[in-house]
Structures are given as C-alpha cells and as structure tokens.
Amino acid sequence: YWQREWLRGDVLDRQIGYWAAQLTDTPTLLGLPTDRPRPPIQSYRGANLSFTIPADITTRLHVLGKQKQSTLFMSLTAVFAILLSRYSGQSDICIGTPIANRNRTETEGLIGFFVNTLVLRTQIDDCASFTQLLEDVRETTLDAYAHQDVPFEQLVETLKPERSSSHHPLL
C-alpha cells in the first residue's frame, strides 16, 4: 500500500521516464546460436551448469573493481555482456537481473518477497577497452538501482514491448 501511494504522479513519471529512455529500441531477442530451434511457447525447462572461477581471476577482478570503483557483480556483468555479444553477434545486450528491492529502512525487517527485476542494457563497442565497458556497466547498474522501484510487470505494461510467448519481454 505504502509503495503504491508513494509510486504515483511525478515520482512514477520520473521512474518510468528513466526506463523508457533506457529501453527505447531494445532488441526484441538475443540471437544466440543454439542446437535446437526456440519452441513457440517457453517450457521453462533447463539445466544448471556449475563451474568455479579460479581464485587468481577472482582476485584480479576484485582488484580491477576496486580501481574502477565497481563491484564483482558489475565486473562479471561486463564479462557476461561481452560473452553474449560474441556469441550472438549483437552489440546491444540486455541482461535481466533480480534485485532484493529492500532499499528502504521501512522494509528491512519485513518478512516477504520483495524481489524485482532490473534490465541492464549494455552497448558493446569493439574498439573500447574492457575498463571503459566496466565503467559503462557500473553507471548503468547504479542508475538502474536508483530507479528500481517500478515493478517489472508495470514497466512491461507501460512500455508495451513487442511480445512473444517464446521469450521473455525486455530481456
């Protein structure tokens, strides 16, 4: 109730305005090469692939993050965006990520599910350095955190992206 009362009028307009600008002309689908055609309706069947990032690489990512004032999450998001770009051949990458959505002291002690989804859009420039990409991802991530209050479902309803039952909207 509190969120609905707070998130309307100018506050909602600012939040939606940010996302509308951020997600204008996003690609409708990430064209990854797969071994099977995409089914017409998502089945949500999948698998997990666990792996360990070697300690020396993790240490170097932490050092780089400290130098660039970014978190390990931001560094790994930048790496993942590059990987998706290389496999898909696309330079405009949107990654959906969950966020705890407990950014207010009023909600810290509450029991319940407050998770929201944020879309982190990254433009890959083959001529730019990794550190430049990391700085861009850092800025995008911090901006998304500052505008995390709009529920993802409301964002989809407002922005009305092209929809298909075979893939998730905006991601």
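Predicted model: local features only at pLDDT ≥ 70, side-chain atom pairs only at ≥ 80, totals over all residues.
Residues are numbered from 1 along each chain as its sequence is written. Local features need pLDDT of at least 70 and side-chain atom pairs count only at pLDDT 80 or more, while totals for chains, interfaces and linings use all residues; side-chain values use heavy atoms, with hydrogens and water left out.

Helices and strands were taken as DSSP runs numbered from the N terminus (helices H or I, at least four residues; strands E, at least two). Helix α2 spans residues 9-22 and helix α6 spans residues 130-146; their axes come within 10 Å and cross at roughly 150 degrees. Axes are lines fitted to C-alpha atoms, for helices over the stretch in contact, and angles run from 0 to 180 degrees between N-to-C directions. The crossing angle therefore makes α2 roughly antiparallel to α6 (under 35 degrees counts as roughly parallel, over 145 as roughly antiparallel, 65 to 115 as roughly perpendicular and the rest as oblique). The crossing of these two helices, α2 and α6, is left-handed, a term used if the near helix is turned anticlockwise from the far one by less than a right angle, with clockwise giving right-handed. On the α2 side, the contacts (heavy atoms within 4.5 Å) involve Q15, Y18, W19 and Q22, which meet T140, D143, A144 and A146 of α6.

One aromatic pair was found in a search of the whole structure. It consists of Y18 and W19, which are arranged edge-to-face, with 4.9 Å centre to centre and 80 degrees between the planes. Rings of Phe, Tyr and Trp (its six-membered ring) pair if their centres lie within 6.5 Å; planes under 30 degrees apart count as stacked, over 60 as edge-to-face and the rest as tilted. Y18 and W19 are both buried (buried, under 20% relative accessible area; exposed, over 50%; partly exposed, in between; 1.4 Å probe, protein chains only).

The search for disulfides, each a pair of cysteine sulfur atoms within 2.5 Å, returned zero across the whole structure. C94 is buried, at 12% relative accessible area, whereas C127 is exposed, at 76%.

Positive phi values in residues other than glycine occur at D25, near 60 degrees, and at Q69, near 55 degrees. D25 lies in the loop between α2 and α3 (55-67), and its relative accessibility of 68% means that D25 counts as exposed. Q69 lies in the loop between α3 and α4 (72-88) and is exposed, with a relative accessible area of 59%.
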